[in-house]
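I opened my notebook today to look around a protein and jot down what I could find. Come along and check each entry with me.

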Amino acid sequence: MTEPVLDESETSIENVGAALWCMPKRHESSRLEFSWHFGGSGFAVKGSAMSAIRNLEGAVITVLLSVRVLAACSCDRVEDAGVDGGNPGVDASRPMDAALTALDAGFGADASTADAQDSGPTDTSLSHEPPYPPGLCPDSPTPDDVPPGWQRYDGFACTCPVYIPGVHGTPLPPFEWEPCQAPIPDYLGCRRLKMGWGFAGRGLTSAFPYFWRDPIAGRSYLEMGRHDPATDRLFSIVAELDGSVHVAFLQRQISTRACAGASEQLANGRYVFAFRDRTRKIDGFIAGKVEDTYPSRVFSKPYEEPYYSDWAASSEWIVRFHANVSKMAWDGAQFEVVSTPSQATMAQHSGIALGQNILWPVGSGDLRGVLSWTPAYGTRQLLLWPNDPTHSAFDFATDGTDMVWTQSYERDSSDHWSRFDIMAAPYTTDPAKALGTARRLRSDYSYSAPFSYAVGCGYAAHQVYWNGREASLLIVRLSDGVSWILSGAEEDGGWMYGPPVGIACDANMQNIELIGRIWKMFEWSGYPDSTLIRIPMANLGPGIAPD
């Protein structure tokens, strides 16, 4: 069937640092692979038991780093279909729905005393704005650790106090970058995010930030959490790499708070943060436009076993990944199911939304692939060989211009994959085009790294196991397959490269930088040198020719 001219809005997709990944459990003769599942997103760790512990990369500090750790189950999940479609959620732009009112009322006395009990002494010399939207939750004093001019945001749930700058609040400071320290080589010109964040405190960074590049303005943004252990405050933010903080949600006493926020996705100028009640009562999100003062959509629903939802947002949809994949327009009344587990034929995992399109990984064991959904064609098998055990697509990612994944072809005598190639293709949701335009860049160094690729500005990067070093970075230029390896240190106290976050460049595709993370080994718990980094691609040198 010939595709229509509209071609599913592919020409208008903005560059998004988007990745799809989920690592299944698998046992091999010489290696045990663990599968960790946080809040609906798969998180895999390869290697021995000790390396598995090391590769958790800070996840054990859960709330302190605002990672998605509010549920635990394996990637091989199965749930009853038909869990979506009946709850319209809550829209912050209109009066509160009866659904949320009833939900809040069902939590008893906690709703009326949540802040009053733990607010501590209040400094009445600080001016704070009244709650927004007004009249939804009981009044309580504004705690003195809330920045001046900020106001309580009551649009989500009275049991989940959140504070925002609003119109008159003191803005959070912009990011500051400083030179990286040894043993990261000087020639890389690496810069790291400086710890210490003015009145916001220490500013420890969350484990898994999300990245988006505005291709028109050439500006790059991060959605992430920054934590101040001394005051036990968590700021969930959207900020420019070299500019202001555009969106901020403050949660107090985060280590004991029943409700916690976590970054979910940043795309097409829209953000979405998951908010989840750790007592498994609330599952929902707060979402909006990066440039708006207040959120434009809020959704709260009772928790559904066995895990929390994951969310994605684009210019067109808010997408829920649970048992089903479901979508809702920004002005819609309820979620509409676009794919059930039985329709997908394989286990469905958390994905992304780009404009009108939705993409998500599927698979179990070592057979995996990617599905796509568009308004014109519904759900299709973008990169999937469901009846062919000799092909599999891992670690897929796209920026809306290029798609990159690792493809496996051959098996050894033990029935394990033996060939892994890095593949690239122009962005599409059409399976025939994806396979017809796919081209090999080079071989990959390791089977299905714990995290997916970062793609953007003509490059791709992902974390690999290389030359006996557990956390190195592989960077590939998409035009010719030339690559670079940044080797992580293995000795105790050495540096370890975390998964890449995104690839930034200006509007002219110049000044290209890898945005990533570094951790100091064995020091995960909020270690001050565990932070974001920026490395100019121009400093990488001549590179390695493709094999």
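Predicted model: local features only at pLDDT ≥ 70, side-chain atom pairs only at ≥ 80, totals over all residues.

Entry 1: R320 has 0% relative accessibility, so I noted it as buried, the cut-off being under 20%. I then looked up where R320 belongs, and I found it in strand β19, which covers residues 317-321. Which side chain does the side chain of R320 touch through a polar contact? I found E304, at 3.5 Å.

**Entry 2: the whole protein.** Next I stepped back for the totals. I counted 547 residues in the record of my page, and 62% of them count as buried. The secondary structure comes to six helices and 37 strands. I also looked at contacts between residues at least 6 apart in sequence, and 54% of these join residues at least 24 apart.

**Entry 3: aromatic pairs.** How many aromatic pairs does a search of the whole structure find? My note says 20. I picked Y271 and F273 as one example: their ring centres are 5.8 Å apart, the planes make an angle of 55 degrees, and the pair is tilted. Are these two buried or exposed? Y271 is at 1% relative accessibility, so I put it down as buried. F273 is at 0%, so it is buried as well.

I checked where the partners sit: W311 is in strand β18 (residues 310-313), while F335 is in the loop between β20 (325-329) and β21 (336-339). The pair therefore ties together parts that are 24 residues apart in sequence. Both W311 and F335 are buried.

**Entry 4: charges over rings.** Last, I looked for charged ends above aromatic rings. K327 lies over the face of W317, and I noted 4.0 Å to the ring centre. What sits over the ring of Y409? I found the charged end of R419 there, 4.4 Å from the centre of the ring.

Terms used: Residues numbered from 1 in each chain as written. Heavy atoms only, no water. Phe/Tyr/Trp six-rings, centres within 6.5 Å; stacked < 30°, edge-to-face > 60°. Buried < 20%, exposed > 50% of the residue type's maximum accessible area, 1.4 Å probe, protein only. Helix = DSSP H or I, 4+ residues; strand = E, 2+ residues; numbered from the N terminus. Lys NZ or Arg CZ within 6 Å of the ring centre and 35° of its normal. Polar contact = N/O pair within 3.5 Å; in protein donor to acceptor, adjacent residues only side chain to side chain. Contact = heavy atoms within 4.5 Å.
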